[in-house]
Amino acid sequence: MNLQTLPRIAQTARWIWPQSMHWDLHNGYALFRKTFTLSSPPAKAPLYITADQSYQLYINGSYVCRGPARGFQKSWSVDKIDIAKWLKKGENIIAVRAYNPGYSNFQYISQSYAGLLVFAQIDGINIVTDETWNSRRQSGIRKASAPVSLQLFSQEIIDLNLEDSDWMQLNYDDSEWHEKLQSSVWNAMPWHTLESRDIAMLDERTIDTFTLIGQASGVSKVNYTNTYNLAVHRYREGLGHMKVQSVAKPYLVPKTGKGHWSSLLLDLGKLHVGSLILDIENARGGEIIEAHYYETIDEESLTPDFAPEAHCRMAFSSRLTCKPGNFSYSFYHTFGFRYLVLTIRDNTDELTICPKLRSAVYPMVQNGKFTSSDHTLNAIWITCAWTQRVCSLDAYVDTPWREQAQWWGDARVQAWNTFYLNGDTRLFRRGIQQIATQTTPEGVTYGHAPTIAHNCILPDFTLIWIITLWDYYWQTGSVEPFLKHQRQIRHALEYFADWTDLELGLLKYDKRFWLFLDWTNLRKQGCSSVYSLWYLYTLDRLSALYEAVGQADLRLECKQRAKVLRQSLLRLISKDGLMRDGYTSDGKIDHETSVHAQTLAIMTQLQPEKNEIMLQQRLLAYLLDKHSTQLKPSAYWITYLYSVLAEYGYGLEVVEDIRKRWTPMVAHGTTWENFNPLRGHESHSHAWSAHPLFHLMQIIGGVRQQAPNWKQILCAPTFYGDSAEVTIPTPHGKIHSVWKRKAFSIKGRLELPKGITAIIDLPQHDTVTTFEDFHYEIAL
C-alpha cells in the first residue's frame, strides 16, 4: 500500500497520541473519541484504522474489532473496516482504546513511539485523526505491573473508581479531556509506509461456556492491594479449590469482608483464545476482582498448574477494582487458556458476577473434513483441527498460551494443516514476508518475527524458511514470494557457504546462534549431518524453483552446491547402510545413527538403495518400539517421520502410532508441545503437533498431492477400519474421497474438481490415470 493506492483523504490524517508520542509509554493505554453527524445511515462506510502497537474500535458504544496485524513500523499494517452497520442518522461517535507496551517482546518491536491513525470519507464527511479528536491517557491503569510472560505484555490492573467504563458511549461527557495531543503526518517515521493487512480480520464473538467446578476462600496476604505480580501473589495464597456442583450463571459471590477473598474455578471445556468480559451487579465500590488464566489443572485437588520459576515466567493475570453499581468491563489483551480463577477480594456485600469471553481467532472456516469408523481417530482429528484454529491469530503462533510467537518451524507444519483444513494461504504468505524482514547482518533469519529474541536466531529455521517458499509454490503454483525474496535467499546462501567446513564438506556449528534441529539431544557441536541434510534438501528445492522460473544459471549453481554436499554426506553412510550423525568438533565420526538422520537421508534420496535399510532398521523399528534411542523425534518433528513412512507404504503403522500417542491429548482438547509436557511449564496447545490432521486425511483418505498447485494427485487409501470419508480443499475446488467396507468387498469413489488429474493406485487394480470422478470395488 502506498500513496497511490490509499484514498486521498489519507494525506490529511495525522498520527496522534495524548501528551507525547514518545514519552512515558510503558504499559500505556490511551482513549480517543470523535463525533460526527450523518444525514442518513450509509450503505457502505469504509474506515481505515491502525495504531502502534494496537487498538480496539467502538462505534456508537458497540465493540467493532481489534487490530492491526503484527508487523514492522517501516511498513505498518492498516485495517480497512466497513462500519456502516453500526452507524445511524444524526450524531455518531468513533471511540478507540489503544495500547503501547513501551517495550519490545516476541511479537512486537518498539520504536519508542506510539500513535493512532484513522481516516475515512463517509457520506461526504471527512474523518481523520488530528488535533480535533478528544483524547487522554487512560487513568486508573497501574503502569508498574509484571509482564504476563517472558515473551508478552504487562498485566492489566485498573481501578474503575478512577475510570468510567462507559467512556465509549455517545452520551459520555468528555468535556474534561484536556490533554493536549501530539501528532505527526501519516507517513512520518517510524511509520514510513503503510501496508494492507492482507489477512482476514479476527473472528471475534462472545462465548459463554464457563462451568463452575470449584470454590475456595481465604485471607489476603500482606500487600495484596499493591502487589507487583498478581499471579505469584495469588499462587502464594494457595490455588487449591473444593469441588462444587455446577451453578447457573450469573454467580452470586457471598460477602467476604475486608482483607479476605473468595475464589471461583471455572472451566471452558477446552482452550479458547480471547479477552475476558466481566458483567458485575450490586458492587458497593472498592471490591477487587482478579482474573487468573491457566492451561491445565491437577484434577484431584482442583489446583491450577502454575510454576513461578518456569523459564517463561508465565503470570497471566488481570485485575479491576470495582466502582459502585452495575457495569461491564472488558479486559484488553487476549489470552489462550482453559481454566479461569476469579478471585474476589474485599467484598463487603453479596456481589453478582457473570464472566464471558470475547474470543479472537483467525476466521478459519472448516472446508476440509475427515470422518472414519474409528471414533478415536475422529476425536484426534477434531482435537488437531481445534488446536490449529486457536494457534491461528494475526499470525501462526506456537501457542496462544505462553508466547503467541510466530515460530517458523512451527508455521511450516501449521501451513500444511491449514491447506487441508481450510485452504487459506494468507497467514502463510504474510509470515514468509515477516521472517524475511528480520535477519542478522549475515543473512540468518530470526526463529520468529517480529521479535527482540536475539537468543532465538536459528540457522536451521532459515533453511526451513527457504523451503517454505517451495511449500507456497507447491500449494498455489505461485512463485511470487520466491522471486520477491531473492535478496534474502542469496544472502542466506552466502552464510551457509561461509559456514561450510572446507575439509569435511558439512555445515559447521556457529556458536553465536541456536541450532535447534529438534527437542532432543542431536549433535550440535562440530558438523551435524541432520543440519547438512536440511541444507541439501533446501538446495534441491531451490534448484526446482529456479527451474520453474527459468533461471538456468542459478539452478545450476544450486545443483553444483548440492552435488558437492551430497558427496560429503555419502561418506557418513556406514557399511551397514545407516546414516551417521556427523562429526565431532575434532573431526571424528559420530557413530550415532538417529531416526532424524535416516529420515532426512530418505527425504533427500541421498542413497536410494539404502532407503529400505533405513526404513526398516530405524524409522519403522522406532515406531514399533524395536529400536531404543535417547534421540527421540518430538511431537513436532515426528511429522517428517510419518510423511516418509506413509509415502513408502507404511500408512497402517503410522495411523496406529498416531492413535497411541495422540489419544491422551483428546481429553484436554488441544495437542501438546511434547508427548509428555511438564504442566505449568510446557504448552498443552501447540499446533506444531496438530499434524495428524493432514496425515489421517492423506493416509486413510488416500489423497496425496503429486504436483504444484494440486494439478495431480495420487489416490491410494489405507483401508483402516470399516469406512472413511475425507474432503480436501484445493485451489481448483474440493476433492472428495470415500470408501466403505462391505461383507466381501470395499467400495469407494473419488470425486475430482476440474483441473486435477488423479493417479489411482489400488490393491488388485491396475494403476490408472483419470480426469474424472472414479468409482472402484476391491474384493476381499
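In this predicted model, the residues that line the second largest cavity divide into nine nonpolar, four polar and two charged. The second largest cavity has a volume of about 110 Å³, and 15 residues line it, of which Tyr-294, Asp-305, Phe-306, Met-314 and Trp-401 lie nearest its centre. Strand S19, which covers residues 288–294, gives the most to this lining, with three residues.

A search of the whole structure finds three cavities of 30 Å³ or more. In the largest cavity there is about 400 Å³ of space, and of the 23 residues that line it, Gln-53, Ser-54, Arg-66, Gln-107 and Asp-394 lie nearest its centre. The elements that give two or more residues to the lining of the largest cavity are strand S4 (54–59) and strand S5 (62–67), and S4 gives the most, with three residues. By class, the lining of the largest cavity has ten nonpolar, nine polar and four charged residues.

Several elements give two or more residues to the lining of the largest pocket, including helix H3 (408–421), H5, helix H8 (529–548), helix H12 (638–647) and strand S30 (703–705). The lining of the largest pocket divides into 13 nonpolar, six polar and five charged residues.

The volumes of these spaces are set out below.

| Space | Volume |
|---|---|
| Largest cavity | about 400 Å³ |
| Second largest cavity | about 110 Å³ |

Helix H5, one of the elements that line the largest pocket, also packs against another helix. Helix H4 (residues 426–437) and helix H5 (residues 459–476) pack at an angle of about 150 degrees, and their axes are 11 Å apart. Because the angle is over 145 degrees, H4 is roughly antiparallel to H5. The crossing of the two helices, H4 and H5, is left-handed.

On the H4 side of this packing, Phe-428, Arg-429, Ile-432, Ile-435 and Ala-436 take part, and they meet Trp-465, Thr-468, Leu-469, Asp-471 and Tyr-472 in H5. Sorted by class, the contact of H4 with H5 has seven nonpolar, one polar and two charged residues.

Technical notes
Residues are numbered from 1 along each chain as its sequence is written. This is a predicted model: local features need pLDDT of at least 70, side-chain atom pairs count only at pLDDT 80 or more; totals for chains, interfaces and linings use all residues. Side-chain values use heavy atoms; hydrogens and water are left out. Axes are lines fitted to C-alpha atoms, for helices over the stretch in contact, and angles run from 0 to 180 degrees between N-to-C directions. Helices (H or I, at least four residues) and strands (E, at least two) are DSSP runs, numbered from the N terminus. Angles under 35 degrees count as roughly parallel, over 145 as roughly antiparallel, 65 to 115 as roughly perpendicular and the rest as oblique. A crossing is left-handed if the near helix is turned anticlockwise from the far one by less than a right angle, and right-handed if clockwise. Contact means heavy atoms within 4.5 Å. Ala, Val, Leu, Ile, Met, Phe, Trp, Tyr, Cys and Pro count as nonpolar, Asp, Glu, Lys and Arg as charged, and the others, Gly among them, as polar. On a 1 Å grid over the protein atoms alone, a cavity is a set of points where a 1.4 Å probe fits but cannot get out, and a pocket is an open set with protein on both sides within 12 Å along at least five of seven lines; lining residues have an atom within 4 Å of a point. Grid points are joined across faces, edges and corners, and a volume is the space filled by probe spheres set on the points.
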